[in-house]
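Me: I have a structure open and want to go through it with you. Can we start with the metal sites and then move on to the helices?

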Amino acid sequence: MRRESEQREQLVRRLAAAVRGASLYAIDHPVVVRALDGFTTSALALLQRGPKVTIGCIGDDLVVDDTKLLLKTGASLGGFTRGLRDQDIEKITLETGATEADLKGLVEALAGAKPGLVSVSDWLRTRAVRHIAIGKVAIEDDPSDNTGIAAALKVYRSATSIAEQLWQMAKAGELPDPAPARKLIEMLTRMVSRDRTSLMALTALKKQDTYTFTHMVNVAVLTIAQARSLNLAPSLTREFGLAALMHDIGKIHTPTEILNKPDKLTKEEFDIMKRHVVDGASILRRTPEMPALAPVVAFEHHLRLDRSGYPENIVDRELNLCTLVVTIADVFDALRSKRAYREGLASARVRAMMAEASGTYHPTLLRRFINLVGMFPAGSLVLLNTDEVGVVTHEHPADPLRPQVRIAFSAHGERLEQTRLVNTWERNERGDYPYAVVESVDPSMLQVDPLSLL
Ligand SMILES: [Fe+2]
Ligand SMILES: [Fe+2]
């Protein structure tokens, strides 16, 4: 038994060594040939015992055939797992029938012989490498495999508790552990790609007694969703998510009285609060394996496009794209807890952001964000400029502020017998918009189920 697990471990180490060699030297260099031989011998021996061997990479953990191999190993395997992660590979399956040439092809692909934008599995296919599959791991107990609000709620809850652990660790003076942080981001990324709507809906939850941790998770979710909609590479999307998760970590040094103060902060208190951007950057710079983006975002996330925020006296600094994205997520989520926006309506928050938009947020990113969160999603009740109230039937693909609305209540609040459909994006002959949405309406105020009006 012990022998078997040793063989598995040897397989991974030999694969890692071959990949490292092939990334440094030509494939026929003696060093590489020797390493390849070792890997091939291990692989073929294991394949004689069973129909396949699976190497999984989850966060920093390597798993062979579902037995967890905990490899605390130093640089060699660390580089290997990082390489897999960057190429978005979670699982490599070797199947019986794999030849020496197939295994060599795999090593070449992992070592970076393929052109940048081609995925490893596509490259293997074009090179006719067979009996090797590249894919994603289905993690046990990972509720992000399911969709729907219940599944999203599970993901969301465990994400918040991991966020809390990270925070408490950092507060206790240890550096935040990158492994659970990365796992959390992995979970959220999957959920965002599978069922964005449900997860985003949760970020609107108002009853929060754990503001700090839900804020971490919400900003991460809203950032990952934006990164995906910008079509960023998966590895970069995850870095954005991590940076977003940790953006306020410097607040572990902010006194709790200031952090939880419900009233406006005094000048002195605000000055103390402002330190969290510098503190955060310094914590994250010291945290091993944090993407370089994380301290940058922590430092920049209150600067604003026109540098009107803090730290003060920063001129001539080009803000990172990730900062621009995180800032939008950060402010949007912070407004959730403000009194004035207690309805929790996305539209009220978006409107507040648009009111100060010029010079504060990146206009294109803000517009895309509004599209993403759905300013007036189908099924929501809205008040029109004519004082009539209707239900949104369709969103305009290009202009989230101008949906199609079925008018159901007159300007005097009477329920109409004959509903009317208007396209608020249409102009009249003078070029004006006769209909415009003013704001969202809370359906409980009109005692109506908007879905029944659709
Ligand atoms: Fe902050
Ligand atoms: Fe924040």
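Me: How are the donor residues of the iron ion (ligand 1) spaced in sequence?
Reply: The spacing is D-x27-H-x24-H-H. This is a predicted model, and the pattern comes from the sequence positions of the donors in it.

Me: Which parts of the chain does the pair Asp 248 and His 302 link?
Reply: Distant ones: Asp 248 is in the loop between α9 (234–245) and α10 (256–259), while His 302 is in the loop between α13 (293–300) and α14 (321–337). They are 54 residues apart.

Me: Are Asp 248 and His 302 buried or exposed?
Reply: Both Asp 248 and His 302 are buried.

Me: Which atoms are the protein donors of the iron ion (ligand 1)?
Reply: OD of Asp 248, and NE2 of His 276, His 301 and His 302. They lie 2.1 to 2.3 Å from the iron ion (ligand 1).

Me: And what is the geometry at the iron ion (ligand 1)?
Reply: Irregular, with angles of 84 to 173° among the 4 donor atoms.

Me: What ideal angles would I hold in mind for a metal?
Reply: For four tetrahedral donors the ideal is 109.5 degrees, and for six octahedral donors 90 or 180 degrees.

Me: Now the iron ion (ligand 2). What are its protein donors?
Reply: His 215 (NE2), His 247 (NE2), Asp 248 (OD) and Asp 330 (OD). Their distances from the iron ion (ligand 2) are 2.1 to 2.3 Å.

Me: Which residue bridges the iron ion (ligand 2) and the iron ion (ligand 1), and how far apart do they lie?
Reply: Asp 248 is the bridge, and the two ions lie 3.7 Å apart.

Me: What about the angles and the sequence spacing at the iron ion (ligand 2)?
Reply: The angles among its 4 donor atoms run from 76 to 172°, and the site is irregular. The donor residues are spaced H-x31-H-D-x81-D.

Me: Where are His 215 and His 247?
Reply: His 215 is in helix α8 (residues 211–229), and His 247 is in the loop between α9 and α10. The pair is 32 residues apart and links distant parts of the chain.

Me: Why does His 215 count as buried?
Reply: Because its relative accessibility is 4%, and the cut-off for buried is under 20%. His 247 is buried too, with a relative accessible area of 0%.

Me: On to helices. How do α8 and α14 cross?
Reply: Their axes come within 9 Å and cross at roughly 135°. That makes α8 oblique to α14. The crossing is right-handed.

Me: And α9 and α14?
Reply: The axes of α9 and α14 come within 10 Å and cross at roughly 55°. The two helices are therefore oblique to each other, and the crossing is right-handed.

Me: Different topic. Where is Val 107?
Reply: In helix α4 (residues 100–110). Val 107 is buried, with a relative accessible area of 0%.

Me: How far apart are Val 107 and Ala 18?
Reply: C-alpha to C-alpha, 6.6 Å in space; in sequence they are 89 residues apart.

Me: Last thing, confidence. What is the mean pLDDT of the protein?
Reply: 84, with 87% of the residues at 70 or more.

Notes
Residues are numbered from 1 along each chain as its sequence is written. Chains are lettered from A and ligands numbered from 1 in the order in which they are written. This is a predicted model: local features need pLDDT of at least 70, side-chain atom pairs count only at pLDDT 80 or more; totals for chains, interfaces and linings use all residues. Side-chain values use heavy atoms; hydrogens and water are left out. Donors are N, O and S atoms within 2.8 Å of the metal (3.2 Å for Na, K and Ca); water is not among the atoms, so sites may look incomplete. Four donors count as tetrahedral if all angles lie between 85 and 135 degrees; four count as square planar and six as octahedral if opposite donors are over 155 degrees apart and all others between 65 and 115; anything else is irregular. Helices (H or I, at least four residues) and strands (E, at least two) are DSSP runs, numbered from the N terminus. Buried means under 20% relative accessible area, exposed over 50%, partly exposed in between (1.4 Å probe, protein chains only). pLDDT is the predictor's confidence in each residue, from 0 to 100. Axes are lines fitted to C-alpha atoms, for helices over the stretch in contact, and angles run from 0 to 180 degrees between N-to-C directions. Angles under 35 degrees count as roughly parallel, over 145 as roughly antiparallel, 65 to 115 as roughly perpendicular and the rest as oblique. A crossing is left-handed if the near helix is turned anticlockwise from the far one by less than a right angle, and right-handed if clockwise.
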